[in-house]
Every structure is written in structure tokens, then in C-alpha cells.
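Here is a briefing on one protein model. Read it with the sequence and the structure side by side.

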Amino acid sequence: MAFSNHTKRALIGGIISLFIILLGTFLLGELSGYEAKILIKKSLSGLNTLCNTIVLASATILALLLTVLSISSNSKSKLKKDYYLQVLQIAKLDTIVFIASIISFLILNLPLTESDTVPNNWFNFIYYTSLAISSILSSGLIVVVLMLYNTIVSIIKIIGLGMHNHPLADKTNIKKEFDE
């Protein structure tokens, strides 16, 4: 799949945020299984809140995309196919983040810290995995928001400001608009 410059910049922003979040995790240092178990118990409510927030944000973004498409289709300015492919990319990635957040929420709500059958040395893996999951979900949402921002800026430039020389503006219909 070919990515536009806007999409590449959004992906770079998400990757940078992922590294910053994971760097914070790395700076915590290595934990024993018992320490990890305690940290899991303390961070579980925050992780649940994060997953719920990402689910809510993703659902809201999908609804906003419908509004963006409505505004786009009702305008006199015509948009290229690339614009709609960009919106489709946002919708796909947002849906992936939405589904991953719900699955993560369900997995993170398993009462592993209450179980006596889970060995203490597994809690390190569980703790770092939960941090990685939350980092990836957060970065994924950042990418979606950056992509949405780029799309909205393009709409404003094309429809609101009448920049018909924008790369996503379809120039074939400009003459027809001015002839009417």
C-alpha cells in the first residue's frame, strides 16, 4: 500500500511517541516477579481507563469520518480519488485500533494477579507485555489523530480556502464551476 507524505509523517509521529513511551518503561529498570505483580495490580485501573478512552476516541473518530465525507461530497470543489483513499486508510487503522483496544481491555481484565497457579516469574512478562500493548495502542491512536488532522487541513484548504492547486483537489472540474 502506498502512503502519502501526510501518512508517512503521521506514522513517524506514532513511532516517535512509541519509542518515547517505551523509553520510559526501559528507564524503570528490571523488576522481580513479585514487584511486577504489585505494579500490575496498581496499574490495572489506569490500563483499563486507557483502553476505554482509546475505544471511545476511535468510535468518535469513525463518526467524524462520516461527517468529513458528508462535507466533502456536498461541496462544489471536487476531490481526487487519493483523498478518499486517505480517508479509507484512516478508517481502517482506526478500526484496527478500536478492535485491539477492546481485546486488550478484555485480556487485561483477567484476574491473573489473584491466581495462585501463575508462577511469579511470569509477572515480569505480563507486566512488560501490558506496557507494550498500552504503548502500541496509544501510538496507534496518535497516528490516527495525526492522519485525521492532515485530512481536515486538506479539506479546509480545498473547500474553505478554495485552494484549487492543492494536490488532493480535482482540477478537471474547476473550469465547470467557474463557467456556471
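The buried residues of helix α3 are Tyr-83, Gln-86, Val-87, Gln-89, Ile-90, Asp-94, Val-97, Ser-101, Ser-104 and Leu-108. Buried means under 20% relative accessible area, exposed means over 50%, and partly exposed lies in between (1.4 Å probe, protein chains only). Helices (H or I, at least four residues) and strands (E, at least two) are DSSP runs, numbered from the N terminus. This is a predicted model, in which local features need pLDDT of at least 70 and side-chain atom pairs count only at pLDDT 80 or more, while totals for chains, interfaces and linings use all residues. Residues are numbered from 1 along each chain as its sequence is written, and side-chain values use heavy atoms, with hydrogens and water left out.

**Helix α3**

- The 28 residues of α3 should span 40 Å at 1.5 Å a residue, and its end C-alpha atoms are 40 Å apart, which agrees. The expected span is 1.5 Å times one less than the number of residues.
- Lys-81 is found in α3. Lys-81 is exposed because its relative accessible area is 66%.
- Lys-81 and Asp-170 are 89 residues apart in sequence, yet their C-alpha atoms are 8.5 Å apart in space.

**Aromatic pair**

- The structure holds one aromatic pair. The ring centres of Tyr-83 and Tyr-84 lie 5.0 Å apart with planes at 80°, so the pair is edge-to-face.
- Rings of Phe, Tyr and Trp (its six-membered ring) pair if their centres lie within 6.5 Å; planes under 30 degrees apart count as stacked, over 60 as edge-to-face and the rest as tilted.
- Tyr-83 has 0% relative accessibility, so it counts as buried. Tyr-84 has 34%, so it counts as partly exposed.

**Nonpolar surface patch**

- Ile-99, Ile-103, Ile-107 and Leu-110 form a nonpolar patch on the surface, with about 360 Å² of accessible area together.
- Patches are made of residues with over 30% relative accessible area and no salt bridge; like charges are joined within 9 Å, nonpolar side chains (Val, Leu, Ile, Met, Phe, Trp, Tyr) within 5 Å. A salt bridge is a side-chain nitrogen of Lys or Arg within 4 Å of a carboxyl oxygen of Asp or Glu.
- Ile-107 is found in α3, which covers residues 81–108. Ile-107 counts as partly exposed because its relative accessibility is 46%.

- Helix α4 (residues 122–160) has 39 residues. From its first C-alpha to its last, α4 reaches 55 Å, close to the 57 Å expected.
- Ser-138 sits in α4. Its relative accessible area is 18%, so Ser-138 is buried.
- Not counting residues up to four places away in sequence, Ser-138 touches Ile-21, Leu-50 and Ile-54. Contact means heavy atoms within 4.5 Å.
- Gly-162 follows α4 and has a positive phi, near 65°.
- His-166 lies in the loop between α4 and α5 (174–179). His-166 counts as buried because its relative accessibility is 10%.
- His-166 and Ile-155 are 11 residues apart in sequence and 9.8 Å apart in space, C-alpha to C-alpha.

**Whole chain**

- The protein chain has five helices and zero strands. Its elements run α-α-α-α-α from the N terminus on.
- Of its 180 residues, 36% count as buried.
- Among contacts between residues at least 6 apart in sequence, 83% join residues at least 24 apart.
- The accessible surface comes to about 11,000 Å², of which 70% belongs to carbon and sulfur atoms. Accessible areas come from the Shrake-Rupley method with a 1.4 Å probe; for residues, only the protein chains shown count as cover.
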